[in-house]
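Hi,

Here's the structure I promised to pass on.

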Amino acid sequence: MYSIDLAGKTGLVMGVTNRRSIAWQIAEPLAQAGARLAFSYQGERLRPTLEKLTEKLDRPLLAECDVANDADLDELFATLRAEFGRLDFVVHAVAYAPKETFAEPFRKVRRDDWRTAMDVSAYSLVAVADRAAELMDEGGAIVTLSYLAAERVVPHYNMMGVAKAALEASVRYLAYDLGPAGVRVNALSAGPVRTVAARSIAGFGDMYGEAGRLSMMKRNITGEEVGRMGFALVTDLSGGVTGETVYVDAGFHAIGMFLDEPGEDPAT
Ligand code: NAP
């Protein structure tokens, strides 16, 4: 049995709203393996939930940070430097696009909404990776969360799909920049998981049902499955993997045609 001990390792986890959050699903096994974690959250309203979730962890660090704000990011990384001294990994599980962008046709996207979605959902990874790499003096790993709408049209996803495309391209450029320093950067493309962010997408319920029904494995994935792959992508389990988008979607992304019944001939 292969086991991994993360005692002495430190990581930053961004984007925990509650225990269903993908960031928390990844954080839990990392903490169980012994890593010391910092959690950044967007607004003070999230702090009580985070305090409760993390009360049994080893000296968790909680820090407010709006990723659209450079001063917040500078302060967060100054705190990490002061408290941890160095950093081994980052889990970036943060995204936002205004609600209307999911409800209206893509062609109606407003300039400000485009900017907001790109800033929070794609640029933030670049801003975080640059600051994090300075603390990764022994190499490290960064994982961000993506979705298939980055490369295929998924109805309703619209602006967020465009932002995820920019995010996945950013992963490759960051991986190239930071590879010589031993810092790996990857995207984890997850199938639908019921979270707060997912609920803000018009039609998510239908998408969730169809993704499970049509996937190769004929089921939806679980948050724990995403958590375990996130764990792998920020630890030595994935050594040598960088610039990659890894799917945890029960095979949905790799299907080229959907038939109602397996084996049915589309020509008849
Ligand atoms: P979630 O629990 O709602 O997490 C999203 C997090 O992003 C929240 O903590 C949210 O904070 C935070 N955030 C938004 N704007 C921010 C800002 N300006 N500064 C700092 N934090 C900000 O939902 P989730 O589904 O776990 O989402 C995590 C990641 O997984 C996202 O990148 C999402 O696109 C991706 N993903 C999700 C699914 C899915 O089906 N759930 C599938 C594939 C990929 P607030 O609560 O304050 O808004």
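Predicted model: local features only at pLDDT ≥ 70, side-chain atom pairs only at ≥ 80, totals over all residues.

Let's start with the ligand. It has 29 residues around it, and those that come nearest are Thr17, Ser21, Arg45, Val193 and Thr195. On its own the ligand would expose 880 Å², and the protein buries 92% of that. As for the make-up of the shell, 19 residues are nonpolar, seven polar and three charged. Helix α7 (196-199) gives the most to this shell, with three residues.

Where does the ligand sit? The space it takes is the largest pocket. That pocket has a volume of about 1100 Å³. Its lining counts 46 residues, with Ala93, Val94, Ala95, Tyr96 and Ala197 nearest the centre. Among the elements giving two or more residues to that lining are α1 (22-32), α5 (111-133) and α6 (158-178).

The second largest pocket comes to about 310 Å³. It is lined by 23 residues, and Tyr147, Val154, Met207, Ala211 and Phe252 are closest to its centre. Both β6 (183-190) and α8 (204-214) give two or more residues to this lining, and α8 gives the most, with six. By class, the lining has twelve nonpolar, six polar and five charged residues.

Cheers

Key
Residues numbered from 1 in each chain as written. Heavy atoms only, no water. Near = heavy atom within 4 Å. Areas by Shrake-Rupley, 256 points an atom, 1.4 Å probe, with all protein chains shown as cover. 1 Å grid on protein atoms, 1.4 Å probe; cavity = no way out; pocket = protein on both sides within 12 Å on 5 of 7 lines; lining within 4 Å. Sits in = over half its atoms within 2 Å of the grid points. Helix = DSSP H or I, 4+ residues; strand = E, 2+ residues; numbered from the N terminus. Nonpolar A, V, L, I, M, F, W, Y, C, P; charged D, E, K, R; others polar. Points joined across faces, edges and corners; volume = space filled by probe spheres on them.
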